[in-house]
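Here is a short briefing to read alongside the structure. Please keep the 3D view open as you go through the points.

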Protein chains: 2
Amino acid sequence: MKKFAKYLPALTWLKSYQDADLKSDTVASIVFTIMVIPQSLAYAMLAGLPAITGLYASILPSILYSLFGTSRSLAVGPVALTSVMTASAVLPFAVSGTEQYATVAILLAFMSGVFLLVLSLLRLGFLTNLLSHPVISGFISASALLIVIGQLKYLLGIQSEGDTLLPLVHSLYLHVNNINLPTFILSLASITSLLLMRRYFATLLKSLGCSAQAIQLFGKSGPVLVVVAATVTVALLSLENMGVSIIGSVPIKPLTLNMEGINWKIVEELLPSAFLISIVGFIGSVSVAQSFAAKRRQDIDPNQELVGLGLANIGSAMCGAFPVTGGFSRTVLNADCGSKSPMTGIISALLILLTLLFLTPLFYYLPKAILASIISISMMQLVSVQDLRNLWRFSKKEASLLIITFSVVMIEGMETGLIVGVILSILCFLWHTSHPHIAIVGRLPGTEHFRNVQRFTVETHPSILTVRIDENLFFANARVFEERLQSLVSQNTAIRHLILMCTAVNMIDASALQSLEKIVDRLADSDVKLHLSEVKGPVMDRLKDSKLLDNLTGQVFITQHQAIQALEDKQTKS
Amino acid sequence: MKKFAKYLPALTWLKSYQDADLKSDTVASIVFTIMVIPQSLAYAMLAGLPAITGLYASILPSILYSLFGTSRSLAVGPVALTSVMTASAVLPFAVSGTEQYATVAILLAFMSGVFLLVLSLLRLGFLTNLLSHPVISGFISASALLIVIGQLKYLLGIQSEGDTLLPLVHSLYLHVNNINLPTFILSLASITSLLLMRRYFATLLKSLGCSAQAIQLFGKSGPVLVVVAATVTVALLSLENMGVSIIGSVPIKPLTLNMEGINWKIVEELLPSAFLISIVGFIGSVSVAQSFAAKRRQDIDPNQELVGLGLANIGSAMCGAFPVTGGFSRTVLNADCGSKSPMTGIISALLILLTLLFLTPLFYYLPKAILASIISISMMQLVSVQDLRNLWRFSKKEASLLIITFSVVMIEGMETGLIVGVILSILCFLWHTSHPHIAIVGRLPGTEHFRNVQRFTVETHPSILTVRIDENLFFANARVFEERLQSLVSQNTAIRHLILMCTAVNMIDASALQSLEKIVDRLADSDVKLHLSEVKGPVMDRLKDSKLLDNLTGQVFITQHQAIQALEDKQTKS
C-alpha cells in the first residue's frame, strides 16, 4: 500500500479525507473556478489558440495532477510563460487560428508530457538544475516584457507580428496609425480598474461591512467583476461593430490531434521546444509547490512531480489543448479560496467541464482587450529590476549573465536566450573551478595547524613545499593544477619534497588522476618526491583503484602534521 | 627588457647562446631534418594535400614557434591528428588534389592561427580544459584507427572514400578485388622492415661497432633508410608503371590562398573545425612541451604557447600549407638528435627550405605506400586498450565516456565525437556535483569535533539539526540542496534549529544564495531557525554583499562548537 502510494500520492491524502473537507473544498472550488476562468482564457490567447482552449487545458491536467502530483496546494493549468513559449514554438509551423496550428500545439503538449515522464524514468530531473538563478531571472523578465509588447496589438486593436523585440516593434510602428479608439478606451479603462481593484477591492469590501471570511474569499475576485462589466458593456453598446475584437461563438467540439498534419520532421523540429517548455514549466512549478509545502511542513518529491506534470500534459493533449504546468498565480488563488487538498483540483475541473458544456454563450461578447489587460498586468510584475540590482551587488559576473540572457531573449527569442544563458552559466562555473585556489601552507608555530603562508606567520622548511588545493580535482582544473605545481617547483630548485594537502578535495576524476601521475613522473625527473596528506576516505578509495599509489615516489600521510614530522626527520638525518 | 622577453621568449635563451651551442645545434638540425622529412611528407598526404606541402608546413611555423613559444624542446610542424582533422574539415568543400582543396586547407590554417591568438588575448585557454582525459583518450584511439583504415587504400593500391568507419569499410569492400600486387608487396616489405628497424636498428649499429654517440644520433634513422631503399627500388624496377603510386614531380611554386575560392559562407562553416583543430593541437602540444620542460625544470606559459602556436599556424598559411602544432614524435626526434635550444627549429627550417629549392627531384620515385606505412605504424601506437582497462577499474562512468567518444568518432566522425564527448563529460560532472554529499553531524563525546552520525557515535540534540555540506553551493545543486533540507526538516517536527556547517564550501553563487534565502523563509514558516557555522572567509565576504545575513533568522557562528553551545544553552533556558 505504502509503495503503491508512492506512485499514486493521492492515496495518502484520500485516506484521511473527511466529509467536512469535501464541503469546504467544494466551496473553494466554486470560487476558484469563477476566478480562474478569465486567466485561463487569456493564456490560451497568449498561446495563439482560441481563448476557449484555456478551459480545455484546465480539465484533465488538473485531475491528473491531483492524483499523481505530490503537492497538496499546486494548481495546474495554462501558465503565461509556457503559453507564450508554445506560441513561439508553433508559429514556424502554422498560422495562428488554423487547424494546423492547433494540431501542432496539441502535439507539443503531448511531447512535453512524454519528455517529463522520460526525465522521471531516467532520473534526469537534475538537468533542470542547469538553469541558474541569473538565467531564469533574465529569461523571465525578458519574456514577460515580450509578452506585454505582444499584447499591445489587442490593447490597441491593431495588427502586429513576430515574437521578438525588433519585428514586434517594427510591426507596431507600421500600424500605429490604425489604433481602434473604442478598443483603446476599453483597454485603458480595464487596466485602470484592474489596478484599482487589486489595490482597493479588499478595503472596499471591508468598508461595505463584509466579514473577514468573505474578504478572504472574494478579495481577489476584482478581475472577474471587470471582465463581467466589460462583457456587458460591449454587448449593450454593440462595440463589436465598432472594431472591438471579441471571443465570439465557440466551437462545440474540442480540437483534436489531426494526424494528417503531423510528420516526423515536425516532431523532430519540435523536440528542443518541447524539452525547454517541459523544463521551464517544471522548474516554475516545483518552486511554487515547494514554497507552499514548506508552510505546511509537507514534502515535495521532484521525481514524482515530473510524473504528475508529465501526465497533466498528456491529459492536456487528450483534451485538445496546449502545454500546462503548475502556476504561481493559479496556486495563490487556489489557496486564497480556501483549498485544503488536491480535491479542489478535481472539483474545479468538473465545474469547468460544466461551464464548457452549458455556459460558453456567456463568453460571446468578452472583449480580447480585457484578457490582454489581465495578461499585461500580471506580466509586468514579473519584470524585476530589483533582482538585477541585488545581483549586481553580489556578483558582477552573474549580473552580466542576467543581462546577456535578457538581451538575447529580447532580440533572438526565448529559446535561444535560454540556451545561451545555460551555456554561459556552465562556462562561468567551469572557469571558476578551473582557476582553483591553491595555497602554500606552513605550520603555525607550536601547533599542529597549517595555514596559508601569505596570511599567517608560519614555519616552513626550505626543501619541503606543502600545497593545499581548495577545490575538487577534475578535468576542468586538472591541467591548470599540473601547470601551477610545475611552475612552483621550477621556481624553487631547493625543493625535494612536495606535499599535497587534500583537506578540501571531495572528488577526483580520471583526468585529475592522470595529471597527478604526470606530476609524479615530472617531479621525479626534477628529483622531487610527491607526498599526499589528509586525503578523505572516499577519495582514497578511488585512488586505491588506480596505479597512482604504486608509482608514488613519496608517501601518503594521514595528517599533515605527521607528514611534516616524518619528512623533517628524514632531512635532518640525511 | 624583461617585459619584452615575455612577449618574445626567444630573447631569454638567445641572451646566453654560445658559439658551441650553435655548433651542436647545427649538427642536431642536419640529422633531424633528414629524419623528419618522411614524416612531414606523410602527414601532408594524410591531410589530403600533395606530400610536398608537408615541407612547406615545416618552414615558417618552426621559425615562428622558436621565436614566440616558451618551450625549449618542442618541434612544431605537421602532426597526424590535426592533419587528418584538416582532411575531414576540408573534404566537404573540395575534392582532394584540386586547387580549391588547397585553398580551403590554407584558410583553415589561417583561421586556426587567429583562433589561438584570440584565445590568448581573451585568456580563454581554460576552454581547452573541457577535454577530459577519457574524451581525449577515446578520441585519439578512434582517430588513429580511422587513420590506419584510411591508409589502406595506399597500402593496397586501391580506391576508397569517406572519413568515417562505415563508408571507409564499404568502399574498401567494393574495391578489394582490385588490389595492386606490387603496391601490396611493397607495403608489406616496408611495414616489416620499419618494425624491425625500430626494434633492432640500434642493436645493429652497436654490433657494427658504432660509438654510443652515433647510436644516439642515428638510432632512429631506420625509417629514412627504408624510404631511401624503397625509392631506389621503385626507380630501378620502374614499379610506377606497374601501378605503384609515387609522389611524382613537385610544383615549383608553393600553393597560395586563392581568394576567389573563398567566401564568407565557407569561413563560417569552417569555424567549428578551425576551433576544434586549434584546441586539439594546443592540448597535445602543451602536454608534450610540459613533459619535456619538467625534465629540465623549465616552465611553460600556456598563454604564450597560444601565441606561439597561433603565429605558427598563420605562418603555415603564409607558406601555403595546412594547420600545424607541436608534435610528440617530432619533439622526441628533435631531442634524440641532440637539440639544445629552439635554434634547431630555425636551422632545420632553413635546411628544409634548401631541400625544397634543390632536392625535390629526389622525391620523384618515393612510393606513397611507404608514407602510408610510416603513418600506420605510428598511429597503431596511439590505439590504447590499456588506457580503457585502467579507466574501467578506476571509474565505470568515465570508462563509458571513453567508449561513447570512441564509438561516435568512428561512426559519426572526429568533430561530432569530440563535441558529444565534451558535452557528456560536463553533464557527468554536473550530475556529480548536483548530488552533493550531505551529512548530519553530531559531537564526538568530550571533544569539539563533529562527525557524521552514520559513521560515529556522537551526541545530538532533539531540537537541533546540524548538516554538513561537502560541496560548493552553486546553481547545479542549489535546488537539490533546498529539497534535501526541506525534506530533513519535514521528517522531524521536533527540530527548532538548523545549523549549516560550511567547512567544505569553497564558493557560493547567486542561485545558491537564492536557495538559502528561500530556505530561511520556508524554515521560518515551519518555525525553524537557520544558523551558519564555520563559513570560510571568502564565502563570508560574498554573503556580506547580499541580504541573506539581514534576513537570517538565526546566527552566524565562527565554529560549530560555539554554535552548539550557544543553542543548547538557549534550549535549556527556555
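What follows is a short tour of the interface, the symmetry, the sheets and a few single residues.

This is a predicted model, so please read each value below as computed from it. Chain A and chain B share an interface that buries about 6,300 Å² between them. A rotation of 180 degrees superposes chain A on chain B, and the two copies are thus related as by a two-fold rotation axis.

**The interface between the chains**

- On each side the number of residues in contact is 75: 75 residues of chain A touch 75 residues of chain B.
- Carbon and sulfur atoms account for 54% of the roughly stated total, which is about 6,300 Å² of buried area.
- If you are looking for polar links, 18 residue pairs are in polar contact between chain A and chain B, counting pairs with both residues at pLDDT 80 or more.
- The elements of chain A that give two or more residues to the side touching chain B are helices H8 (133-156), H13 (264-295), H18 (385-394), H20 (414-433), H21 (475-491) and H22 (510-525).
- Among these helices, H21(A) supplies the largest share of that side, with ten residues.
- Sorted by class, the side of chain A that touches chain B has 30 nonpolar, 26 polar and 19 charged residues.

**How the two copies are related**

- Superposing chain A on chain B takes a rotation of 180 degrees with 0.0 Å of shift along the axis, and the RMSD is 0.1 Å.
- The two copies are therefore related as by a two-fold rotation axis.
- To find the axis from chain A, look for A:Ala504, whose C-alpha is the nearest to it in that chain, at 3.1 Å.
- Both copies use the same surface, as 100% of the contact residues of chain A recur in chain B.

**The sheet in chain A**

- Six strands of chain A form an open sheet with mixed pairing, in the order E4-E3-E5-E6-E7-E8.
- The edge strands of chain A are E4 (450-452) and E8 (556-557), and each pairs on one side only.
- Inside this sheet, strand E5 (residues 464-469) of chain A runs parallel to strand E6 (residues 497-501) of chain A, and five bridges join them.
- A:Val467 stands opposite A:Leu500, which belongs to E6(A).

**The sheet in chain B**

- Chain B also has an open sheet of six strands with mixed pairing, ordered E4-E3-E5-E6-E7-E8.
- Strands E4 (450-452) and E8 (556-557) of chain B each have a single partner strand, so one side of each is left without a neighbour in the sheet.
- Strand E3 (residues 438-443) of chain B pairs with strand E5 (residues 464-469) of chain B in the antiparallel sense, over three bridges.
- B:Ile438 has B:Ile469 of E5(B) opposite it.

**Salt bridges**

- Over all chains, the whole structure holds 14 salt bridges.
- One to look up is the salt bridge between the side chains of A:Glu269 and A:Lys265, at 3.0 Å from N to O.
- A:Glu269 and A:Lys265 are four residues apart in helix H13 of chain A, about one turn of the helix.

**A loop residue in chain B**

- B:Leu444 sits in the loop between E3 and E4 of chain B.
- Beyond its neighbours within four places in sequence, B:Leu444 is in contact with B:His449, B:Arg451, B:Phe456, B:Thr457 and B:Val458.
- The C-alpha atoms of B:Leu444 and B:Ile185 are separated by 77 Å, and the two residues are 259 residues apart along the chain.

Key: Residues numbered from 1 in each chain as written. Chains lettered and ligands numbered in written order. Predicted model: local features only at pLDDT ≥ 70, side-chain atom pairs only at ≥ 80, totals over all residues. Heavy atoms only, no water. Contact = heavy atoms within 4.5 Å. Buried area = accessible area lost by both parts, 1.4 Å probe. Polar contact = N/O pair within 3.5 Å; in protein donor to acceptor, adjacent residues only side chain to side chain. Nonpolar A, V, L, I, M, F, W, Y, C, P; charged D, E, K, R; others polar. Least-squares fit on C-alpha atoms with pLDDT ≥ 70 in both. Pairing = 2+ DSSP bridges. Salt bridge = Lys/Arg side-chain N within 4 Å of Asp/Glu carboxyl O.
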